[in-house]
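Colleague: I have the model open beside me. Could we go through it together, one topic at a time?

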Amino acid sequence: MLARSTSRCCTKLRAPPSRVSLRVARPQCRQFSMPSSGASHNSGPISSSAGLLAPFTSELDKIAPSFKINGSQVCVLQTPTEFYETLKDKIRKAEKRIFLSTLYIGKSEKELIATLQEALRAKPHLKLSILTDALRGTREAPNPSCASLLAPLISEFGPDRVEIRMYHTPNLTGLRKKHIPKRINEGWGLQHMKLYGIDDEIILSGANLSSDYFSDRQDRYHVYSSRDITEYFSNLQTAVSSLSFLVKPSPEPAGFELVWPEDNSAISPLENPKKFIAESTALLSGLISPKTAPRTALDNTPAEKRDTSVYILAQFSQLLSPDTSTELPAVSHVLRTLAAPEYANSSWTFTAGYFNPAPSLTKLLLGTASTNNVVITASPFANGFYKSPGVSGLLPDAYTLLARRFVRAVHESKHRGTTVLKEWRKGTVGEPGGWTYHAKGLWVTMPKNENPSISLIGSSNYTKRSYSLDLEANALIVTENEDLKKRLGEEQRWLQDHAAVVTREDFAKTERRVGLKVRIAMMIVQLVGGAL
């Protein structure tokens, strides 16, 4: 896929026909420039009417940067089609910038590319920046791939208006990179953020940009109409892009080459992974810290109407040494706070399409004082890997095994009878009308409330992998806005329209038993350093 760098001079490396051409130049580390906050950041204490939220926000303010907005600045979308149509509409209306971070763009997404072309042709000053993952984005090369789909945009509009970047994990080098097969090698770390920014608005989601996510793969989608939040995420993408390969069009069969620009912020991860991590840490640690994060004051919402705090959470564990990521500490704090007696009548809903929460989160979920709690995950028949060829076809059963272990843990805990696991299913994957489930998130409803005051959305699957290998970006909402709380409650409920409770007795049935080969495959992945 990528030929490993053996030199830091600006020379092109010749790769075998099945691999991607790569150029590496000696990096000249630079300081990533970000706008200063200018005006003071408005993040005062939550009003006394929301005393139960104060223990959450007082600590969250120390963990992650945040922005105060009005609840009306958050729009909750429901369906894949609504997400796609909203994205295209905003792209067509873009005036200044479009920035997209995703795991990949489907290699056949010609309509989306045509929409981007339409916008760029209509607005000569419009600029486009795309960040994807290098392993996932070049997996099919030299056959059509995400990279070959995007490269022609550079040819048509020039590198001054279109920049395509692909991030490569520092965890996959040397013998691992040489011998671990494609697709499986993605288990060693990916660029997993899902940020879809257009001008002064951004869509946060767990969805990638491919046809199934636009039609029959259920996810979550929030539109933030905030210049400040959008600017922050733009800075985040720009920073990671400066730690990524640059895509250039090429006459080679693959249609592109990956180049490490000499003005990148770090050395190539393929050349010196340890130094790459050290230089990445110097760049990113200040960006995600609440003390030093760049926070603009561009929104014109009156201070007295800012009833919603949005905490920006980043999990960049593979790039930070020491690890100062903010997602896991923030989520852990929320769940730990719910263990206090005053939250005995609160409730939470947790969802992950690929159910494998980090052990620490499972412990915290089962340690809360909350009742009437729900976990939503994909049925094996709604899992994106259902009947997938090769080893990945074992994954639905692997997640079934993990879900069964969680249900058993609930039964053995104080939450027996107060927490249920539901499997989401709408038809069967691969059959007419069959959907997959990819939503992830957390909702927390305070005592004596009908709807959530806290909600988490973004790219993370909340797994051990998310907290060690992948790049994740999320937003944690803490709101007093009754209308936004109502919309979050509706979102929480409609995601359960196709979900049914699964019990220990259901998992004990013959058809739900997991074979030995699945258990062995899980062990092998863990032994060689990968993760589900």
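Colleague: Let us start with helix H8: which of its residues are buried?
Modeller: In H8, the buried residues are Phe-276, Glu-279, Ser-280, Thr-281, Leu-283, Leu-284, Leu-287 and Ile-288. Buried means under 20% relative accessible area, with over 50% exposed and partly exposed in between, for a 1.4 Å probe and protein chains only. This is a predicted model, in which local features need pLDDT of at least 70, side-chain atom pairs count only at pLDDT 80 or more, and totals for chains, interfaces and linings use all residues. Residues are numbered from 1 along each chain as its sequence is written, and side-chain values use heavy atoms, with hydrogens and water left out.

Colleague: What do the buried residues of H8 pack against?
Modeller: They pack against helices H1 (54-63) and H7 (227-241), and against strands S7 (162-167), S13 (256-260) and S14 (308-315). Contact means heavy atoms within 4.5 Å; helices (H or I, at least four residues) and strands (E, at least two) are DSSP runs, numbered from the N terminus.

Colleague: And where does H8 bend?
Modeller: H8 bends by about 30° at Thr-281, the bend being the angle between axes fitted to the seven residues ending there and the seven starting there. Thr-281 is also one of the buried residues of H8.

Colleague: Changing topic, how many aromatic pairs does the structure hold?
Modeller: There are 15 aromatic pairs. Rings of Phe, Tyr and Trp (its six-membered ring) pair if their centres lie within 6.5 Å; planes under 30 degrees apart count as stacked, over 60 as edge-to-face and the rest as tilted.
Modeller: One of them joins Phe-83 and Tyr-196, whose ring centres are 5.9 Å apart with planes at 45°, so this pair is tilted. It links distant parts of the chain, with Phe-83 in helix H2 (residues 80-92) and Tyr-196 in strand S8 (residues 195-198), 113 residues apart.

Colleague: Are those two buried or exposed?
Modeller: Phe-83 is buried, at a relative accessible area of 0%, and Tyr-196 is buried at 0% as well.

Colleague: Which residues form an aromatic cluster with them?
Modeller: Tyr-84, Phe-214 and Tyr-221 form one aromatic cluster with Phe-83 and Tyr-196.

Colleague: Last topic: which charged residues sit over rings?
Modeller: Arg-136 lies over the face of Tyr-104, 3.9 Å from the ring centre. The charged end of Lys-426 is over the ring of Trp-435, at 3.8 Å from its centre. The criterion is NZ of Lys or CZ of Arg within 6 Å of the ring centre and within 35 degrees of the ring normal.
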